[in-house]
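Let's take a walk through this model, one stop at a time. Have the sequence and the 3D view open side by side as you read.

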Amino acid sequence: MSIRVTHAHGDHIAVTAANGTEILRYVYRPDPDPFESRKPYAHPVRTLAGRTLTGYRPSDHRWHKGLQMTASHLSGQNFWGGNCYVHGQGYLPLPERVGSMRHDGFPALTVEDDRLALTEELTWIENGGAQWAREVRGLTVHSVDEAAGAWALDWSIRLTNTHDRPLRFGSPTTEGREMAGYTGLQWRGPRDFTGGTVFAPDSDADAEKLMGSQGPWLAFTTEHDDIDGHSTLVFAHAPENLEAPHESHWFVRAEPIPTVAFSWAFFEEFELPPGESFAYRYRLVFADGAWDRERVAAHLEGMPW
């Protein structure tokens, strides 16, 4: 299925499928509130049938915005947004610790019949204005398949430390909060994903048991409110991610809120020395219908990296 791409310069890039459904809006003009960690995000994200798969500024966490790159604990700063976890004191509103990610431009943006590939340059800025890191981000929309009722988004990051000191990456769990190791690329679902079904390959574990686990992919299905229908999201690691020096673990909840993060510092902190970089590649599949384990595995197998 072909796609159409529109660019509202200075604001967002939107991808519309041939059936007229806007399946992705990538907003690079940040929202105004610094406490929510101003940075780009993808919302709304929809299936080909038009089912919305992302939540935006939910009442429980206003800084949750669709699909976004985050870092909840980075050398004492919060590039996630909202309250900061402080061991022994819980979550505190510390606006002086909330950083931001500045959009610097799109050095490459190509559109083919059924594929969008863009490269974005960003700067990570701590709350005082110092530039700590340079990011090269890649987003690719592909495999828009009307017969399967699915499409895919590849999201990559290469982050380079431009600070004069090592950058220390962690999470609430590395700060002392048990099984709350969220950081990295994060998805927040809409309310009707609450209580949905989460599963992984070769496991009968549910969301609660999959929290903090490792694996090549994770899937999340739900039955929607308002309409008669289901949707499925698949979160997948590129093969090299599982061999990266910083081990990734799943942060996943179906209740009380629906969210998944590819956490690169769930249980242990790591440092990025000045001038050095790390990189990850991720794939997300957005599908109509309630897919099972076999269908997810077969679909991923048919989309080589």
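First, some housekeeping. This is a predicted model, so local features need pLDDT of at least 70 and side-chain atom pairs count only at pLDDT 80 or more, while totals for chains, interfaces and linings use all residues. Residues are numbered from 1 along each chain as its sequence is written, and side-chain values use heavy atoms, with hydrogens and water left out.

Start with D31, in the loop between β3 and β4. (Helices, H or I with at least four residues, and strands, E with at least two, are DSSP runs numbered from the N terminus.) With a relative accessible area of 12%, D31 is buried; on this scale buried means under 20% relative accessible area, exposed over 50%, and partly exposed in between, using a 1.4 Å probe and protein chains only. Its contacts, leaving out residues up to four places away in sequence, are R38, Y41, Y56, R57 and K65, where contact means heavy atoms within 4.5 Å.

D31 and K65 form a salt bridge through their side chains, at 2.8 Å from N to O; the term covers a side-chain nitrogen of Lys or Arg within 4 Å of a carboxyl oxygen of Asp or Glu. K65 sits in the loop between β4 and β5 and D31 in the one between β3 and β4, so this pair ties together parts that are 34 residues apart in sequence. Both partners are buried.

You'll find R57 in the loop between β4 and β5, partly exposed at a relative accessible area of 29%. M179 gives you another case, with a positive phi of about 50° although it is not a glycine. Look for M179 in the loop between β13 (167–170) and β14 (184–188); this residue is partly exposed too, with a relative accessible area of 30%.

Now back to the loop between β3 (22–27) and β4 (41–45), where K39 is found. What does a buried lysine do without a salt bridge? The nearest side chain of opposite charge, E36, is 8.5 Å away from K39 (Lys and Arg count as positive and Asp and Glu as negative; His and the chain ends are not counted). A polar atom of its side chain lies 3.1 Å from the backbone oxygen of S37, and a polar contact of 3.4 Å joins the side chains of K39 and Q68. (A polar contact is a pair of N or O atoms within 3.5 Å; within protein, one must be able to donate a hydrogen and the other to accept it, and residues adjacent in sequence count only if both atoms are side-chain atoms.) Beyond four places in sequence, K39 touches P30, Q68, M69, T70, F79, W80 and M101.

The structure holds 14 salt bridges, so far as the cut-off above defines them. Among them, R168 pairs with E269, with the closest N and O atoms 3.3 Å apart. That pair links distant parts of the chain: R168 is in strand β13 and E269 in the loop between β19 and β20 (270–272), 101 residues apart. R168 is partly exposed, with a relative accessible area of 33%, and E269 is partly exposed at 36%. D164 and R165 form another salt bridge, at 3.9 Å between the closest N and O atoms, and both of these residues are exposed.

Next, the cis peptide bonds. One joins H43 and P44, with omega about -5°, and P44 lies in strand β4. Another runs from E255 to P256, with omega near 0°; P256 lies in the loop between β18 (249–253) and β19 (259–263).

Finish at the largest pocket, which holds about 240 Å³ of space. Of the 20 residues lining it, the closest to its centre are H61, W63, W80, Y91 and Y182. The elements that give two or more residues to the lining are β7 (84–86) and β18. As for the terms, on a 1 Å grid over the protein atoms alone, a pocket is an open set of points where a 1.4 Å probe fits, with protein on both sides within 12 Å along at least five of seven lines, and lining residues have an atom within 4 Å of a point. Grid points are joined across faces, edges and corners, and the volume is the space filled by probe spheres set on the points.
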